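Dear colleague,

Please find below the structure that I am handing over to you. My notes on what was found in it follow directly after.

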Amino acid sequence: MNKRLLIFLVSIISCQEKSTITQNTAENLSSTSTTSIKRSDLDTQKTVQYHQFKADTLTNLTIADFEVLASYQLKNVKVIEGNYRPIDGKMVAPDTKKDQGRRLLILNNKNKIISKSKGVGEVYLNEPYFYKNETHNNVLIICQLGYEYYFGAEAYLLRDDHLKYIGKIDIESKNMEIPLIDILRIKENKEIITFSFDSDSILLKPGNQDELVKNNNFRYEYDYKTFRLKR
């Protein structure tokens with residue numbers, strides 16, 4: 001075999017090996033990229049909707065020194081709405097000037113108070129509504145507030161049988177005879193819960209400033225730490 005032919009054969013074999021390596025590398029990169037996209041879709045892109053549901057109501061439940069206005073059963077806890085009874089028209093403990101009026105209590109299966117909210121004052125209405133989704137066991141409790149008119153709501157998170165205050169939704173529908181609950185929509189994405197409003201216009205700070213504005217994607221966002229109004 002002459003020298004030129006030998007060099008030619010070696011060059012062909014070398015090119016074939018490089019081609020095989022390049023192809024395998026491309027296949028590996030393609031596989032890694034596809035896996036990464038799927039993981040991203042699962043972990044960061046999924047949006048879950050919260051749906052309102054009716055909790056089972058309880059009757060004839062009594063708590064010492066507490067006026068029970070409504071009571072509900074949620075799995076292994078009870079949710080109570082009411083207020084501590086004043087004596088002779090005067091406030092009594094545990095109410096204080098800064099923490100009084102209607103509130104929520106969480107009771108265990110032995111009817112022992114394991115968690116409670118801060119009082120919302122002498123409002124006419126502090127009605128709980130319950131929301132859940134299909135991905136975890138957390139429950140959101142939205143308490144519609146009202147006097148002779150509706151004026152927003154208080155939001156709570158019930159997680160592992162503990163009640164955590166989220167914040168006040170200081171917004172109402174453009175017609176204060178329509179409750180906030182009717183226009184409220186709740187979803188969660190990337191561990192951020194978004195409270196939005198299905199209305200072309202809304203009232204900001206109802207009962208106080210009553211500022212009617214166009215709803216340009218007004219929303220509250222809660223990241224399990226802070227609760228902020230976005231616009």
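**Strands and backbone**

In the hairpin formed by S10 and S11, two residues lie between the strands, and Asp160 takes a positive phi near 55° there. Please bear in mind throughout that this is a predicted model.

An open sheet is formed by five strands in the order S3-S4-S5-S6-S7, with antiparallel pairing. Its edges are strand S3 (56–57) and S7; each has a single partner strand, so one side of each is left without a neighbour in the sheet. S7 pairs with strand S6 (residues 103–107) in the antiparallel sense over three bridges, and Leu105 stands opposite Lys116 in S7.

Asp88 is exposed, with a relative accessible area of 74%. Pro94 is placed in the loop between strand S5 (77–84) and S6, and a cis peptide bond with omega of about 10° joins Ala93 to Pro94.

Tyr224 also has a positive phi, of about 70°, although it is not a glycine. Tyr224 is found in the loop between strand S17 (219–222) and strand S18 (227–230). With 13% relative accessibility, Tyr224 counts as buried.

**Aromatic residues**

The structure holds 12 aromatic pairs. In one of them, the rings of Tyr72 and Phe130 have centres 5.1 Å apart and planes at 65°, so the pair is edge-to-face. Tyr72 belongs to strand S4 (residues 66–74) and Phe130 to strand S8 (residues 125–132), so this pair ties together parts that are 58 residues apart in sequence. Tyr72 counts as buried at 13% relative accessibility, and Phe130 counts as buried at 2%.

The rings of Tyr149 and Phe151 likewise have their planes at 65°, with centres 6.3 Å apart, so this pair is edge-to-face. Phe151 is buried, with a relative accessible area of 8%, whereas Tyr149 counts as partly exposed at 31% relative accessibility.

Tyr149 also takes part in a nonpolar surface patch with Tyr124 and Tyr147, and together these residues have about 310 Å² of accessible area. Tyr124 is located in the loop between strand S7 (113–116) and S8, and it counts as exposed at 53% relative accessibility.

A contact of another kind involves Phe53: the charged end of Lys132 sits over its ring, 4.8 Å from the centre.

**Salt bridges**

A search of the whole structure finds seven salt bridges. In one of them, the side chains of Glu81 and Arg102 meet at 2.8 Å, N to O. This pair links distant parts of the chain, with Glu81 in strand S5 and Arg102 in the loop between S5 and S6, 21 residues apart. Glu81 counts as buried at 2% relative accessibility, and Arg102 is buried as well, with a relative accessible area of 14%.

The side chains of Asp198 and Arg185 also meet in a salt bridge, at 3.3 Å, N to O. Asp198 lies in the loop between strand S14 (192–197) and strand S15 (201–204), and Arg185 lies in strand S13 (residues 184–189), so the pair ties together parts that are 13 residues apart in sequence. Asp198 is exposed, with a relative accessible area of 51%, while Arg185 counts as partly exposed at 38% relative accessibility.

Lys168 forms a salt bridge with Asp170, and their closest N and O atoms are 4.0 Å apart. Lys168 is partly exposed, with a relative accessible area of 31%, and Asp170 is partly exposed with 23%. Finally, a network of salt bridges links Asp95, Asp99 and Arg103.

With kind regards

Key. Residues numbered from 1 in each chain as written. Predicted model: local features only at pLDDT ≥ 70, side-chain atom pairs only at ≥ 80, totals over all residues. Heavy atoms only, no water. Phe/Tyr/Trp six-rings, centres within 6.5 Å; stacked < 30°, edge-to-face > 60°. Helix = DSSP H or I, 4+ residues; strand = E, 2+ residues; numbered from the N terminus. Buried < 20%, exposed > 50% of the residue type's maximum accessible area, 1.4 Å probe, protein only. Lys NZ or Arg CZ within 6 Å of the ring centre and 35° of its normal. Patch = residues over 30% accessible without salt bridge, like charges linked within 9 Å, V, L, I, M, F, W, Y side chains within 5 Å. Areas by Shrake-Rupley, 256 points an atom, 1.4 Å probe, with all protein chains shown as cover. Pairing = 2+ DSSP bridges.
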